[in-house]
Amino acid sequence: MSRRNSYLVGAGILLSRISGLVRQSLLARYVGLGDAADAFTAAFRIPNLLQNLFGEGALSASFIPSYSRLIEEGREEEARQLAGAVLALLTTTMAILVLVGELATPLLLNVLVGDWVGEKRALTERLVRILFPGAGLLVISAWCLGVLNSHRRFLLSYAAPVVWNAAMIVAILTVGRGESPARVTLAASVGSVIGSFLQIAVQWPVVRQVGGRIVLRSWRGVREASVVIRTFIPTMISRGANQLSAFIDVGIAAYLPTGAMAAIGAAQTLYTLPVSLFGMAITAAELPEMSRERGDDATVAMALRIRLDAATQRLAFYIVPSAMAFVAIGGVMAGAVYQSGRFTADDTAYVWLVLAGAAIGLLASTLGRLYSSAFYALRDATTPLRTGLVRVSLTAVLGVLAGLVLPPLLGLPARAGAAGLTISAGMAGWVEFMLLRRALIRRLGQFALPTVELLKLWGAAGIAGGVATGVRLGTAHLQPIAQALMVVPAFGATYIVLTSWLDIPEAAVLGGRVLARLRRRP
């Protein structure tokens, strides 16, 4: 069941991410990597703090386990009461925080981009104030996702962001041609708020269908609500730790040359794609199932170890080649998505540099998400919080060193600090991963990290990267999209063939599914 659920999550995320790539491609075309792009990237990070703190991550860790358990035990009325209480709390909290955010925007900018002045700072402030209400709406959308996931309705909840992206795409196309980059970013921000509302609208009918008549109510008197709140608060702080890492990067990037922050944002759209498509798909499908495990401590521990073993192998099969691809052919991928209009070949090379740096921590951050979900299923939000705080500290120290101090000492241009930030974040991610793994082993007992299989995967990905590099060099005369259509399939086909030859289980599963679909065709 969890494998099928992960495919549904993956399908929804794929639709969402494809629409997101279209959105980002249009933004790159009309905005490039100038001051307006930096302003939009920074502005998007600030109100998104609400979404990331209160949204899917924290709700998944607190609301879904309790709600899923009530449904599994046949206590539907208690589940509806819990859902209504959580929705009321979120709605009230978001209304207050959005208002505070609107009023405190200048103070937030003083902290994050204190050295920006003039039109760049004014544009950033205006964009933040437009975006804040949309971020609050996206938190309510995350509540809808929690209800749907608990009822095993995965596809709609993860495909819903398509309408959000569509609203932004329409807004960008409406004003894009002939307008200044600043006007384009303003239109995109308005589209984001409209899309946030639409994202709730497309989920709400199905929420009512599966969850019944859910009404706003006080959390007092709802027994399970206190459990959700106790879990939610440390989880939110843990998510805040991760968000603090992102804000530290924003603060450091503000001291780098123009375009650095936008390049990090463009690279992030690409390197979070496999994390979302595979990591989130598998983790989101596993969390409700792990939360449903019953029995004594030994029985639950064994069940979780089995799930973690299987999920780790599946994640590694997809994330390892993704990391290698970003290093070997990241420029081809970035060029195919972004390179047109105001986004030049030099901009593509810059994003490739940042992508290669991000590849270092890709596997660690994805597995860390899985391990954190295991703790949340065990009603332990404290351990992910502690490891998250360690990650924040390392991100701050290593980020300053790699982003600002080392480039001039090594004789590198200042803009190389953007890659230094993604490298340092990856190193901090590996430390967090190791701490989470050690804590899980103490809690559950030893579970596998398949070293031999990982070596096979890295070897196959390395050879695939070499083959794809040869194709890239041989197709350098082609336009970016045409080149990507030659290079990316060469990488993927080589990797699949090699992993099948090496008897990697997930390769056999993937090959079997493809053959089954081909046989069903008339």
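**Briefing: helix packing and the nonpolar core**

Helix α2 (residues 35-45) and helix α9 (residues 181-211) have axes that come within 9 Å of each other and cross at roughly 25°, which makes α2 roughly parallel to α9. This description rests on a predicted model, in which the protein has 19 helices and 0 strands. Of the 522 residues of the protein, 56% count as buried, and among contacts with a separation of 6 or more, residues 24 or more positions apart account for 86%.

**Helices α2 and α9**

- The crossing of α2 and α9 is right-handed, and by class their contact holds 6 nonpolar, 3 polar and no charged residues.
- On the α2 side the contact is made by Ala36, Phe40 and Phe44, which meet Pro181, Ala182, Thr185, Ala188, Ser189 and Ser192 on the α9 side.
- Ser192, which lies in helix α9, has a relative accessibility of 5% and therefore counts as buried, the cut-off for that class being under 20%.

**Helices α5 and α6**

- Helix α5 (residues 76-112) and helix α6 (residues 118-150) have axes that come within 9 Å and cross at roughly 170°, and they are therefore roughly antiparallel to each other.
- The residues in the contact of α5 with α6 divide by class into 16 nonpolar, 6 polar and 4 charged.

**Helices α17 and α18**

- Helix α17 (residues 451-474) packs against α18 at an angle of about 150°, with the two axes 8 Å apart, and that angle makes α17 roughly antiparallel to α18, since angles over 145 degrees are placed in that class.
- The crossing of α17 and α18 is right-handed, and by class the contact between them has 14 nonpolar, 4 polar and 1 charged residues.
- From α17, the residues that take part include Leu457, Ala460, Ile463, Ala464, Val467 and Arg472, while those of α18 include Met486, Val487, Phe491, Tyr495 and Leu498.

- Asp503 lies in the loop between α18 (480-501) and α19 (505-520), and it has a positive phi of about 60° although it is not a glycine.
- With a relative accessibility of 64%, Asp503 counts as exposed, because that class begins over 50%.

**The largest nonpolar core**

- The largest nonpolar core has 135 residues, and those with the most contacts inside it are Leu82, Val113 and Trp143.
- Helix α12 (residues 297-338) gives the most to this core, contributing 19 residues.
- Val113, one of the residues with the most contacts inside the core, touches Ala42, Arg121, Val250, Ala254 and Met261 when residues up to four places away in sequence are not counted.

- Leaving aside neighbours within four places in sequence, Trp430 is in contact with Ile360, Gly361, Leu363 and Ala364.
- Trp430 and Ile360 are 70 residues apart in sequence, and their C-alpha atoms are 8.8 Å apart in space.
- Leu435, also found in helix α16, is partly exposed as well, with a relative accessible area of 24%.
- When residues up to four places away in sequence are not counted, Leu435 touches Thr387 and Val390.
- The C-alpha atoms of Leu435 and Pro384 are separated by 9.2 Å, although the two residues stand 51 residues apart along the chain.

Notes. Residues are numbered from 1 along each chain as its sequence is written. This is a predicted model: local features need pLDDT of at least 70, side-chain atom pairs count only at pLDDT 80 or more; totals for chains, interfaces and linings use all residues. Side-chain values use heavy atoms; hydrogens and water are left out. A nonpolar core is a set of buried Ala, Val, Leu, Ile, Met, Phe, Trp, Tyr and Cys residues joined through side-chain atoms within 4.5 Å. Buried means under 20% relative accessible area, exposed over 50%, partly exposed in between (1.4 Å probe, protein chains only). Helices (H or I, at least four residues) and strands (E, at least two) are DSSP runs, numbered from the N terminus. Contact means heavy atoms within 4.5 Å. Axes are lines fitted to C-alpha atoms, for helices over the stretch in contact, and angles run from 0 to 180 degrees between N-to-C directions. Angles under 35 degrees count as roughly parallel, over 145 as roughly antiparallel, 65 to 115 as roughly perpendicular and the rest as oblique. A crossing is left-handed if the near helix is turned anticlockwise from the far one by less than a right angle, and right-handed if clockwise. Ala, Val, Leu, Ile, Met, Phe, Trp, Tyr, Cys and Pro count as nonpolar, Asp, Glu, Lys and Arg as charged, and the others, Gly among them, as polar.
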